[in-house]
Amino acid sequence: MTAVDLGLPLPSLIPASRAPAPVDGPLRDTFGRVATDLRVSVTDRCNLRCTYCMPADGLDWLPTDGVLNTEEFVRVLTVAVRDLGIRTIRFTGGEPLLRRDLEEIITRVSRLPERPGIAMTTNGLGLGRRVHGLTAAGLTRVNVSLDTVDPARFAEITRRDRLADVLDGLAAARAAGLDPVKVNAVVPDRSDLDGLAALFGFCLREGYQLRVIEQMPLDADHRWDRTAMVTAAEILEALRHVADLTPDDVPRAGAPAQTWLVDGHTDAAGRRARVGVIASVTRPFCGDCDRTRLTADGALRNCLFAENETSLLPVLRGGEGDVDAAIARLWRENTWAKRAGHSVNSGDFRQPERPMSAIGG
Ligand code: SAM
Ligand code: SF4
């Protein structure tokens with residue numbers, strides 16, 4: 001479907017400067033935003049096939065030797081934290097637990113003197129077996145993706161019959177003391193809104209914090225359809241059928257989720273329960289964006305929807321002289337080129353070539 005201009009809010013940012021990218025300091029863009037949060041896709045491969053993300057047959061995976069190895073990831077992340085002011089790193093994918101060296105990467109990054117916060121977004125498969133090693137390595141936060149607690153619907157959405165494994169992973173994360181344990185949900189279809197209510201009830205009972213994400217045009221099949229997309233308003237209405245919600249007064253800062261306190265419920269740590277909705281399409285939060293991204297094959301992206309990216313591979317693998325300085329320079333330039341916001345709501349929107357699984361959600 002052709003994108004239409006819905007007159008939805010777009011950032012009204014004015015470029016602060018047309019000067020060249022800064023040669024030192026943190027990752028600034030021309031609109032005055034500073035990127036301090038890094039999403040790292042450690043692999044484009046996955047063991048599920050969620051319909052809104054991957055085709056049934058998977059994708060043409062990146063060749064193994066085209067993906068950053070342990071040393072390369074540690075080197076790039078060290079530059080990010082030591083030289084570029086990155087304060088939080090979230091490992092994602094594809095499915096990050098498919099990387100056997102994830103514990104090693106996390107261990108080495110968490111030993112940096114400027115130790116960043118370390119989080120992971122995972123589909124939860126195998127988390128039960130790995131969670132103790134990951135927390136020992138330095139993982140402090142986890143989001144587990146789960147769209148439904150109905151086994152048949154789970155198998156339809158993910159094209160795999162693995163709900164029990166995801167539930168085990170979630171329980172293991174909670175038992176390991178990760179706090180909060182967040183559940184990321186996408187609502188693929190309006191007929192899933194009743195299932196969303198059931199998922200919310202499950203999260204409240206188990207002490208997990210639910211985050212519901214509007215579906216974005218990043219599916220490999222290019223089937224995203226604005227009229228079929230379940231909006232944040234519809235999501236909120238479904239959540240309100242389960243419990244009364246009070247707007248949260250915690251400042252959002254760069255966080256994409258708008259959050260609510262759930263009346264009459266507490267989380268696993270005994271605090272007021274919260275629920276969040278991420279309205280990436282109907283209420284973009286680009287004006288407060290503090291993110292930068294690194295793909296498994298070493299490309300820097302300043303936005304999920306960026307049309308251009310900067311590959312670090314040539315300097316990482318063939319660079320002469322001060323490679324770390326070259327990585328930092330390319331990263332500052334990539335961030336400097338960041339646009340005011342994504343154009344999903346405008347007529348000239350073009351879906352990026354990389355699907356969500358190869359960018360890192
Ligand atoms: N495999 C891991 C997982 O599912 O958590 C990490 C990668 S996945 C791409 C990261 C997050 O992106 C998941 O929470 C998933 O639900 C979300 N996601 C995938 N495709 C999406 C889309 N088209 N729109 C919105 N969110 C999407
Ligand atoms: Fe895999 Fe995550 Fe995409 Fe689902 S959303 S197919 S689990 S990468």
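This is a predicted model: local features need pLDDT of at least 70, side-chain atom pairs count only at pLDDT 80 or more; totals for chains, interfaces and linings use all residues.
1. Asp219 lies in the loop that runs between strand E8 (209–213) and helix H7 (232–240), where helices are DSSP runs (H or I) of at least four residues and strands (E) of at least two. The side chain of Asp219 reaches the backbone nitrogen of His222 at 3.1 Å. Leaving aside neighbours within four places in sequence, Asp219 is in contact (heavy atoms within 4.5 Å) with Tyr52, Cys53, Trp224, Gln351 and Pro355.

2. Tyr52 also belongs to the residues that come nearest to ligand 1, together with Gly94, Thr122, Ser145 and Met216. A backbone N or O atom of Tyr52 lies 3.1 Å from a nitrogen atom of ligand 1, while a polar side-chain atom of Ser145 lies 2.6 Å from an oxygen atom of the ligand.

3. The largest nonpolar core has 102 residues, such a core being a set of buried Ala, Val, Leu, Ile, Met, Phe, Trp, Tyr and Cys residues joined through side-chain atoms within 4.5 Å. Its largest share, seven residues, comes from helix H6 (residues 193–206).

4. On conventions, residues are numbered from 1 along each chain as its sequence is written, and chains are lettered from A and ligands numbered from 1 in the order written. Local features need pLDDT of at least 70, side-chain atom pairs count only at pLDDT 80 or more, and totals for chains, interfaces and linings use all residues, while side-chain values use heavy atoms, with hydrogens and water left out.

Methods:
Buried means under 20% relative accessible area, exposed over 50%, partly exposed in between (1.4 Å probe, protein chains only). A polar contact is a pair of N or O atoms within 3.5 Å; within protein, one must be able to donate a hydrogen and the other to accept it, and residues adjacent in sequence count only if both atoms are side-chain atoms. A residue is near a molecule or strand if one of its heavy atoms lies within 4 Å of it.
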